[in-house]
Amino acid sequence: MFAKLSEKSMHLVRWILTVSWLFLIASLFYDPISLWLTQPETNWSPFNINKITQFECVKVQGTCLNEEPFGMGAALFWGMIVPAAIFILMIGGHEVWRRICPLSFMSQIPRALGLQRYKRVDSKTGKTRYERIKVHKNSWLGRNHLYLQLGLFYLGINARILFINSERTILGLFLIGTILASILVGYLYEGKSWCQYFCPMAPVQKIYGEPRGLFNSAAHEGEGQKITQSMCRTIDSQGQESSNCVGCKATCMDIDAEKGYWANITKPEQQWLYYAYFGFVIGYFVYYYLYAGNWEYYMSGVWAHEENQLSNLLNPGFYLFNHPIAIPKLVAAPLTIGSFGLISYWLGKKLEKRYKAYLFRNNKLVNDEVVRHRMFTLVTFVIFNFFFIFAGRNFVRMLPVQIQYLFPIIIALSSGIWLYKTWPRNPYIYQRENSAVRLRKQLSKLNVNIPEFLDGRSLNDLDADEVYVLAKILPGFDKQKRLKAYKGVVKESISEDSFAIKKDSDVLIQIRLELEISEAEHQLIVEEVMKQLSAEKAKNAEVIQQEHSTNSKIETLSL
Ligand code: SF4
């Protein structure tokens, strides 16, 4: 749905968000305005410290915290901006977020300035050329980037609890450091390598954005569209949008998130991603309780403007049954979050096995992709609701009372619809929809009045199964026509991409089976199409050559 928003308007949105974010970062260093808004004397301000303080006394390890007026930059960042990003991912889909993310935008500064690293390539013919550098899919980074990103995410949430939840200057430096790191990666590697291989938020984007957000467009159902989802794009000299993809990642999320999801779902790192993330998030919020000895500390939001966060690093990190435990906070926080992550990973794997065994015992469909997809879907649904309905309460409590009641309803409803739509998906449905698009296109080329057989519905109104049923029962769609339609699909696939026969083999097999076309017939068609396409190519080259020589003659005559 959002993939079609024009690049021009998204570019403007990116600029606005980037400037706003930089403004917020600047406010972390110097901010007289919001400090003034939180002063007790600023009676009219809704952010007056006396109005936003919800508890008489917020105790941390048995002692009441002294709440002072504060600059609101950190509270805004943690309480509004980070949750808003998660909400956008799950509801709008990654195709919105990845087109407006300010960090992704800034990682492209070296590309925009033409300041990227090149490598020298000497060809066998002695020619030398310079190429920009991509992360190779078989390099250490190419194979392990998800572990690296999950590790950075773990460090990030620990850094929040220990250093940057309320220390505004350190948070500002942390954000500037992240921006500089993204620019450096943009210099070192081609494309959106920061987002693909380094960004600590990428695991979060994958969890909430795959296989697709609630209003995500489906890349595989667009009829031959060249620019899909959040694919890198640019505006050419004619003012038209064109792809700017340099292929920095195989199965790129920005091109087709669902394709990448199914392609990788059985890999072990996906279990780490979903199950460990679930544990990290639960562990992160539970730690507030284990540290303070109550939930008020977290629910009051005081942690986002607590004075002297750094001075507590070596103080007791746990407070249980009214007793401090002499493990420093510096150790206790990573220990808690890490243990929750590991336990959750272990539990997730166990439950996955049990669920598979249950399906097997009950003679239901047993398939690794489906089992894992359902587990991942459930994990995403639960953690999304936990995050917003429970963990988000501290900031929701500041909203007008009507919105406070409406908020959980919106969250439960939207995530419920997401669950309903996502649960039944599987790779076969994806494949079938993909192949049905191509078949639909060929059927529309037949000289048959199709709406006559569809009670007035058009071909585009049919879902994948209906398209196949139609192909079977359509009067006059005999073997000859089926071969012709199949040839059209093959020709289109090869014209789009010369490796299509290899890449699209699953799609083509599906169509072939449905149209009852044998392997031998398929081979003959492929050969015929290849010959036809090379003949067309040669003819085109001849025409261009002729035009070129005619133009040269005209130029000579005019001289
Ligand atoms: S669309 Fe292309 S350039 Fe952009 S992130 Fe994906 S693979 Fe990289």
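This is a predicted model: local features need pLDDT of at least 70, side-chain atom pairs count only at pLDDT 80 or more; totals for chains, interfaces and linings use all residues.
Trainee: Thanks! How many helices and strands does the chain have, and what share of its residues is buried?
Mentor: The secondary structure comes to 24 helices and eight strands. Among contacts between residues at least 6 apart in sequence, 75% join residues at least 24 apart. Of the 559 residues in the chain, the buried share is 33%.

Trainee: Let's look at some helix pairs. Are α11 and α13 roughly parallel or roughly perpendicular to each other?
Mentor: Helix α11 spans residues 202-209 and helix α13 spans residues 268-292, and their axes lie 10 Å apart. The packing angle is about 100°, and the range from 65 to 115 degrees counts as roughly perpendicular. The two helices are therefore roughly perpendicular.

Trainee: Which residues meet where α11 packs on α13, and what classes do they belong to?
Mentor: From α11 come P203, K206 and I207, while α13 brings L273, Y274 and Y277. By class, this contact has five nonpolar, no polar and one charged residues.

Trainee: At what angle do α8 and α9 pack, and which residues make the contact?
Mentor: Helix α8 (residues 140-164) and helix α9 (residues 168-188) have axes 10 Å apart and an angle of about 145°. On the α8 side the contact uses A159, F163 and I164, and on the α9 side I170, L171 and F174. By class, these residues are six nonpolar, no polar and no charged.

Trainee: Where is E167, and why does it count as partly exposed?
Mentor: You will find E167 in the loop between α8 and α9. Leaving aside residues up to four places away in sequence, E167 touches Q309 and L310. A residue needs 20 or more other C-beta atoms within 10 Å to be buried. E167 has 19, so the answer is partly exposed.

Trainee: How far is E167 from S217 in space?
Mentor: Along the sequence, E167 and S217 are 50 residues apart. From C-alpha to C-alpha, their separation in space is 40 Å.

Trainee: Is H305 buried or exposed?
Mentor: H305 sits in the loop between α14 (296-299) and β7. Not counting residues up to four places away in sequence, its contacts are F70, A74, A75 and S166. There are 24 other C-beta atoms within 10 Å of H305, so this residue is buried.

Trainee: And S237, is that one buried or exposed?
Mentor: The loop between β5 and β6 holds S237. The C-alpha atoms of S237 and Y405, 168 residues apart along the chain, are separated by 50 Å. S237 has 6 C-beta neighbours inside 10 Å, so the answer is exposed.

Trainee: Now some backbone details. Is the peptide bond from E210 to P211 cis or trans?
Mentor: Most peptide bonds are trans. P211 lies in the loop between α11 and β5 (233-235). With omega near -5°, the bond from E210 to P211 is cis.

Trainee: What phi does T251 have?
Mentor: Most residues other than glycine have a negative phi. T251 belongs to the loop between β6 (241-243) and α12 (257-264), and it is partly exposed, with 14 other C-beta atoms within 10 Å. Although T251 is not a glycine, its phi is positive, at about 40°.

Trainee: What phi does N322 have?
Mentor: N322 is in the loop between β7 (316-320) and β8 (323-328). It counts as exposed, with 8 C-beta neighbours inside 10 Å. N322 is not a glycine, yet its phi is positive, at about 65°.

Trainee: Last one: which residues come nearest to the ligand?
Mentor: The shell around the ligand divides into seven nonpolar, three polar and three charged residues. Of the 13 residues around the ligand, those that come nearest are G191, C232, C245, C248 and C252.

Definitions and conventions: Residues are numbered from 1 along each chain as its sequence is written. Axes are lines fitted to C-alpha atoms, for helices over the stretch in contact, and angles run from 0 to 180 degrees between N-to-C directions. Helices (H or I, at least four residues) and strands (E, at least two) are DSSP runs, numbered from the N terminus. Angles under 35 degrees count as roughly parallel, over 145 as roughly antiparallel, 65 to 115 as roughly perpendicular and the rest as oblique. Two residues are in contact if their C-beta atoms, placed from the backbone, lie within 7 Å. Ala, Val, Leu, Ile, Met, Phe, Trp, Tyr, Cys and Pro count as nonpolar, Asp, Glu, Lys and Arg as charged, and the others, Gly among them, as polar. A residue is near a molecule or strand if its C-beta atom, placed from the backbone, lies within 6 Å of it. A residue is buried if 20 or more other C-beta atoms lie within 10 Å of its own, exposed if 12 or fewer, and partly exposed in between; C-beta atoms are placed from the backbone.
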